[in-house]
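User: Hi! I have a structure here and would like to talk it through with you. Could you start with the overall make-up and then go into some details?

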Amino acid sequence: MSAPLPTIRNKQPFDAGRATYLTLNGLLLAFLLAPIAIVLVFALNPTPYISFPPVGVSLRWFEKFFRTPEFTNALFLSLWVAGCVLVLSIVIGGACALALARGNLPGRSFLTAFFMSPLMLPAILTGLALFQSYLLAGIGRPVWGLIMAHTLVAVPYVIRTTLAVLHNFDRRIEEAAAVLGASPTRVFFEVTLPLIRPGVFAGGVFAFIVSFDQFPVSLFLVVPKGETLPVVLFNYMKFDLDGAIAAASMVSILLALSVVLVLERLIGLRAYVKL
Amino acid sequence: MAVASRPSPIAWLLAPALLLFVLFFVLPFGVMAMMSFYSGNPVTNPNAFLTTRHYERFVFDTAGIYHDALWSTLRIGLITTIVSLLIGYPLAHWMARMQSRLGHALVLMAVIAPMLTGIVVRTFAWMTILQDKGVINTLLIDWGIVSKPLPLMYNEFGTVVALVHIYVPFMVLTLTGVIGRIDERLEQAARSLGAGRLRAFVEVTLPLSLPGILAGSLLVFALSISAYVTPSLMGGTDVLTLPMLIAQQVGTSFNPNFAGALGVVLLLVSLAIVVAYNRILARLSGEQGLA
């Protein structure tokens, strides 16, 4: 890199201490990533049970996964629910973040904390509370009830990413547009909305993943034969540990990885360091 | 900045989110609290009456399992938090001080990628690694280091290992933000005054990152005491936590009222943590505003 750095940085001398530091961090990274790599190995290993070391490469588990209606139905339900959650949480969360950042609301920090609270409270309790409410209301366990439950825990992600973008951009751009004669509506649609779009979309991608991988909220809200993929996998794993689970896992992981790449392209991952 | 005046029309955009949160969050938690004081479903069963017996059942614990479950939930949460801190701190420090943008992006991706992989999938990964015929035991036996498989799973150890893997990214991200904000020149000053690298870290950077340590620890603790998937798959018959007990009451005993009471207990513990976490975050952003 040729650009000068803002602070004078001493080049770290390479000695035993530095080597230990780097080795330690390398091991920790391996701890984070190895389990995911191992799932791939088992997804491709043709033996009927999970066994190590692998003896070959085959796609039989992927075949089993895509040929088992129990799995594919669950996959389609999960994708459908996550798609609905994506749309709902973009609209609701994006609007909410705008109101929080630009609405001149009293008690703003309290409201922000309130809208973030589904992330901090036990998700299994959100599921339990909704299960009991649906029970009292006598509505059974409809799919829309599951979608609303997922939306509730996905919206905070959209609010967070959108707020991050709103904090970073210069309000004077909006003011300049207003001074130049644009009506507030026009400023909103032609300046504000395009500027926050990356944040809203990034949040939407998170929302999709949160819903697609959701377990604790779904647990009490799904009906037999109408379970989402994580619930089906969980029930299967209690009795059987074979390559089909690994293949199913790989399908989810590939989905997640492609999402990370999309995120990186959209606004760069650095924005997420600020939790 | 101008003093906050009347809310602008944009404030109306809050309405959909507010409606969602009232209907599907505030109200349901109210229903849960209410159900915990009823003997049955008050809508369908006209004989349902108000009672504190679910709480008495928990407090007096004649079955001798509820206190143990609460204690093991807190213990597993605490151990997971401490281990996550020990593992997360070096990674966060490395990331915060990394000078190459590419390196930073790669490490960040490595930290976030597991986060985007579902908990069920990651628990499965650890089962394949830690079970009797799993990766570690197979290798240890093949190399002749042990003669029979080590009990790495179906106990608290396996549960904690998998939980740490699942929640350590939250610790890393929280800490990276805080460590990154500490002026590196403070440490350099300490070193130019003769402190060794370790001493400069222990006496300058570590104390300054204390708010991040607290915030990250509270976050990981809150997440791990509410974990259900991992303890129930990795814990075997050895581990019974509060969330597992709640699921049992709903699924097999069909006693949603007692489940509600257990839920309220777990909720109170979590709320205490959330309040502390928000206090620390508020203080952190206050300091940032002054800087």
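**Talking through the two chains**

Analyst: Happy to! Chain B has 13 helices and 0 strands. Keep in mind that this is a predicted model.

User: What pattern does chain B follow along the sequence?

Analyst: Reading along the sequence gives α-α-α-α-α-α-α-α-α-α-α-α-α for chain B.

User: And what does the C-alpha trace of chain B span along its principal axes?

Analyst: About 75 × 75 × 30 Å.

User: How much of chain B counts as buried?

Analyst: Chain B has 291 residues, and 46% of them count as buried. As for its contacts between residues at least 6 apart in sequence, 72% join residues at least 24 apart.

User: Okay, now chain A. How many helices and strands there?

Analyst: Chain A comes to 10 helices and 0 strands, and its pattern along the sequence is α-α-α-α-α-α-α-α-α-α. Of its 275 residues, 43% count as buried. Among the chain A contacts between residues at least 6 apart in sequence, 75% join residues at least 24 apart.

User: Which domains does the assignment give for chain A?

Analyst: Domain 1 covers 19–58 and domain 2 covers 69–273. The centres of these two domains of chain A, taken over C-alpha atoms, are separated by 30 Å.

User: Let's switch to the contact between the chains. How many residues are in contact there?

Analyst: On chain A, 78 residues are in contact with 83 residues of chain B. The elements that give two or more residues to the chain A side include helix H1 (16–44), helix H3 (69–102) and helix H10 (243–267) of chain A.

User: Which one gives the most?

Analyst: That would be H1(A), which gives 12 residues to the side of chain A that touches chain B.

User: And by class, what is on that side?

Analyst: The side of chain A that touches chain B has 58 nonpolar, 16 polar and 4 charged residues.

User: You mentioned H3(A). How does it pack with helix H1 of chain B?

Analyst: H3(A) and helix H1 (residues 15–35) of chain B pack at an angle of about 115°, and their axes are 7 Å apart. On the H3(A) side, the contact is made by Ile92(A), Gly93(A), Ala95(A) and Cys96(A), while H1(B) brings Pro16(B), Ala17(B) and Leu20(B). The residues of this contact of H3(A) with H1(B) divide into 6 nonpolar, 1 polar and no charged.

User: What about H3(A) with H6(A), at what angle do they pack?

Analyst: H3(A) and H6(A) pack at about 45°, with their axes 7 Å apart. Angles from 65 to 115 degrees count as roughly perpendicular and those under 35 as roughly parallel, so H3(A) and H6(A) are oblique to each other. Their crossing is right-handed. The residues of the contact of H3(A) with H6(A) divide into 18 nonpolar, 6 polar and no charged.

User: Still on H3 of chain A, is Asn73(A) buried or partly exposed?

Analyst: Asn73(A), which is found in helix H3 of chain A, is partly exposed because it has 15 other C-beta atoms within 10 Å, whereas a buried residue needs 20 or more. The C-alpha atoms of Asn73(A) and Arg172(A) are separated by 50 Å, and the two residues are 99 apart along the chain.

User: Back to chain B, then. Why does Phe58(B) count as buried?

Analyst: Phe58(B) is buried because 20 other C-beta atoms lie within 10 Å, and 20 or more is the cut-off. Phe58(B) is found in helix H2 (residues 53–60) of chain B.

User: What does Phe58(B) touch, leaving out residues up to four places away in sequence?

Analyst: Phe58(B) touches Tyr66(B), Ala261(B), Leu262(B) and Val265(B). Phe58(B) and Val265(B) are 207 residues apart in sequence and 9.3 Å apart in space, C-alpha to C-alpha.

User: Last one: how many residues of helix H12 of chain B are buried?

Analyst: Helix H12 (residues 242–251) of chain B is mostly covered, with 8 of its 10 residues buried. Among them are Leu242(B), Met244(B), Ile246(B) and Gln249(B).

Note on methods:
Residues are numbered from 1 along each chain as its sequence is written. Chains are lettered from A and ligands numbered from 1 in the order in which they are written. This is a predicted model: local features need pLDDT of at least 70, side-chain atom pairs count only at pLDDT 80 or more; totals for chains, interfaces and linings use all residues. Two residues are in contact if their C-beta atoms, placed from the backbone, lie within 7 Å. Helices (H or I, at least four residues) and strands (E, at least two) are DSSP runs, numbered from the N terminus. Ala, Val, Leu, Ile, Met, Phe, Trp, Tyr, Cys and Pro count as nonpolar, Asp, Glu, Lys and Arg as charged, and the others, Gly among them, as polar. Domain bounds come from an automatic or database domain assignment. A residue is buried if 20 or more other C-beta atoms lie within 10 Å of its own, exposed if 12 or fewer, and partly exposed in between; C-beta atoms are placed from the backbone. Axes are lines fitted to C-alpha atoms, for helices over the stretch in contact, and angles run from 0 to 180 degrees between N-to-C directions. Angles under 35 degrees count as roughly parallel, over 145 as roughly antiparallel, 65 to 115 as roughly perpendicular and the rest as oblique. A crossing is left-handed if the near helix is turned anticlockwise from the far one by less than a right angle, and right-handed if clockwise.
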